[in-house]
Amino acid sequence: MAPDCLFCRIIKKEIPSKFVHEDEHAIAFEDLNPQAPVHLLIVPRKHIAGLNDAGEDDAALLGHLQLVAAQLAQARGIAESGYRTVFNTGRGAGQSVFHLHLHLLGGRGMRWPPG
Ligand code: 5GP
Ligand code: ZN
C-alpha cells in the first residue's frame with residue numbers, strides 16, 4: 001500500500017467508488033469518467049506502479065486481472081459484441097494513475113488503431 005496513491009485509497013475504501021467485483025487479489029469499480037457505456041477498472045490490491053514495474057512474481061496476478069475482466073464482460077452482456085482490455089503504461093500512453101489497472105471498455109464500436 002502506498003499512502004498517497006489514489007487507487008490504494010479506493011481499495012482501503014477511504015474514497016468511495018462503485019465496486020463491481022472484489023476478491024483476494026483484485027477489485028474492480030466503475031471509472032469516474034467513462035469512455036464507453038461499460039468502462040470498468042480492474043485493480044490489483046498490491047501496489048504496482050505500472051506494467052514496467054511488474055515482475056515474474058506478478059505473472060499470475062496479471063493473468064487474473066484479464067480473467068476478471070472477461071467475467072465482468074460476460075456479466076455486463078458485452079462478451080459477444082466485443083470489448084477491449086487496456087493497460088496504459090506511462091504518461092505518453094495516457095497513464096494518469098500510477099497504480100497498475102486494467103481498463104475494460106465496451107458497449108460501443110471500437111476503432112483500430114486506438115488514438
Ligand atoms: P489511466 O489514465 O491511468 O490509464 O486511467 C486512470 C483512470 O482512472 C481514468 O480513466 C480516470 O477516469 C479514472 N479515475 C481517476 N480518478 C478516479 C477516481 O477517483 N475514481 C474512479 N472511480 N476513477 C477514477
Ligand atoms: Zn497504489
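Lys-13 lies in the loop between α1 and β1 (19-22), where helices (H or I, at least four residues) and strands (E, at least two) are DSSP runs numbered from the N terminus. Although Lys-13 is not a glycine, its phi is positive, at about 65°. The model is predicted, so local features need pLDDT of at least 70 and side-chain atom pairs count only at pLDDT 80 or more, whereas totals for chains, interfaces and linings use all residues. Residues are numbered from 1 along each chain as its sequence is written, chains are lettered from A and ligands numbered from 1 in the order in which they are written, and side-chain values use heavy atoms, with hydrogens and water left out. A further backbone feature is the cis peptide bond from Trp-112 to Pro-113, with omega near 5°. Pro-113 is placed in the segment after β5 (102-106).

Ligand 1 is surrounded by 16 residues, and the closest are Asp-31, Gly-94, Ser-96, His-101 and His-103; a residue is near a molecule if one of its heavy atoms lies within 4 Å of it. By class, this shell has seven nonpolar, seven polar and two charged residues. Here Ala, Val, Leu, Ile, Met, Phe, Trp, Tyr, Cys and Pro count as nonpolar, Asp, Glu, Lys and Arg as charged, and the others, Gly among them, as polar.

An oxygen atom of ligand 1 is 2.7 Å from a polar backbone atom of Gly-94, and a nitrogen atom of the ligand is 2.9 Å from a polar backbone atom of Glu-30. An N or O atom in the side chain of Asn-88 is 2.9 Å from an oxygen atom of ligand 1. Taken alone, ligand 1 exposes 520 Å², of which the protein buries 83% (Shrake-Rupley method, 1.4 Å probe). The elements that give two or more residues to the shell around ligand 1 are α1 (6-11) and β2 (26-30), and α1 gives the most, with three residues.

The space taken by ligand 1 is the largest pocket. On a 1 Å grid over the protein atoms alone, a pocket is an open set of points where a 1.4 Å probe fits, with protein on both sides within 12 Å along at least five of seven lines, and lining residues have an atom within 4 Å of a point. A molecule sits in a pocket if more than half of its atoms lie within 2 Å of its grid points. The volume of the largest pocket is about 900 Å³, taken as the space filled by probe spheres set on the points. Its lining comprises 33 residues, of which Asp-31, Gln-35, His-39, His-103 and Leu-105 lie nearest the centre.

Notes
A polar contact is a pair of N or O atoms within 3.5 Å; within protein, one must be able to donate a hydrogen and the other to accept it, and residues adjacent in sequence count only if both atoms are side-chain atoms.
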